[in-house]
Amino acid sequence: MSTSTLSRVRTRFPSALLAAVGLAVGFGIAQGTGVRALGGLVLAVCGAGAGWLWYQRRGLAVAAGLAVAYLALFALAHVLSLGLGWPAWLAVGLVTAAAAALSWVVADRPASSA
């Protein structure tokens, strides 16, 4: 991969998409296959990719904060579903939207020109 390609990925590919895919698709794969570890692998790979983008765009402190938030939202989905009795798809949908929104606001949103 050329340097210019890496530069474009760092600046244009939305980390919010990786965060959302990690949570939603990871859940879907775990549910669909019955293999939770496979869903966890998707969660981890997408989280690592998003983390790399966060680090490249905003530095270590922001990347670490977003990684903690990503994992906390993953845990929150379990609390909402198992602890409060919400349907699993609703809990995952809520935390997926929250993770994507947080990632976009903190790391993906273009800097204001004003």
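One salt bridge is present in this predicted model, a salt bridge being a side-chain nitrogen of Lys or Arg within 4 Å of a carboxyl oxygen of Asp or Glu. It joins the side chains of R57 and D108, with 2.5 Å from N to O. The two residues are 51 apart in the chain and link distant parts of it, R57 lying in helix 3 and D108 in helix 5. Side chains of opposite charge can pair when their charged atoms come close. R57 counts as buried because its relative accessible area is 18%, and D108 is buried at 15%. Here buried means under 20% relative accessible area, exposed means over 50%, and partly exposed lies in between (1.4 Å probe, protein chains only).

This is a predicted model, in which local features need pLDDT of at least 70 and side-chain atom pairs count only at pLDDT 80 or more, while totals for chains, interfaces and linings use all residues. Residues are numbered from 1 along each chain as its sequence is written, and side-chain values use heavy atoms, with hydrogens and water left out.

The secondary structure consists of five helices and zero strands, giving the pattern α-α-α-α-α along the sequence. Helices (H or I, at least four residues) and strands (E, at least two) are DSSP runs, numbered from the N terminus. Of the 114 residues, 32% are buried. Among contacts with a separation of 6 or more, 68% join residues 24 or more positions apart; contact means heavy atoms within 4.5 Å.

Helix 4 covers residues 60-83. Its 24 residues should span 34 Å at 1.5 Å a residue, and the end C-alpha atoms are 33 Å apart, which agrees; the expected span is 1.5 Å times one less than the number of residues. The buried residues of helix 4 are A63, L66, A69, Y70, L73, A77, L80 and S81. They pack against helix 2 (15-33), helix 3 (36-58) and helix 5 (88-108). A64, also in helix 4, is partly exposed because its relative accessible area is 39%.

The largest nonpolar core has 20 residues, and W54 and Y70 have the most contacts inside it. Such a core is a set of buried Ala, Val, Leu, Ile, Met, Phe, Trp, Tyr and Cys residues joined through side-chain atoms within 4.5 Å. Helix 2, helix 3, helix 4 and helix 5 each supply at least two residues of this core. Beyond its neighbours within four places in sequence, Y70 touches A19, G22, L23, L43, C46, G47 and W54.

In helix 5, T96 is buried because its relative accessibility is 11%. Neighbours within four places aside, T96 is in contact with A20, L23 and A24.

After helix 4 comes G85, with a positive phi near 80 degrees. L84, W86, W89, L90 and L94 form a nonpolar surface patch of about 540 Å². Patches are made of residues with over 30% relative accessible area and no salt bridge; like charges are joined within 9 Å, and nonpolar side chains (Val, Leu, Ile, Met, Phe, Trp, Tyr) within 5 Å. L94, in helix 5, is partly exposed at 44% relative accessibility. The protein exposes about 6,700 Å², with 72% supplied by carbon and sulfur atoms; accessible areas come from the Shrake-Rupley method with a 1.4 Å probe, and for residues only the protein chains shown count as cover.
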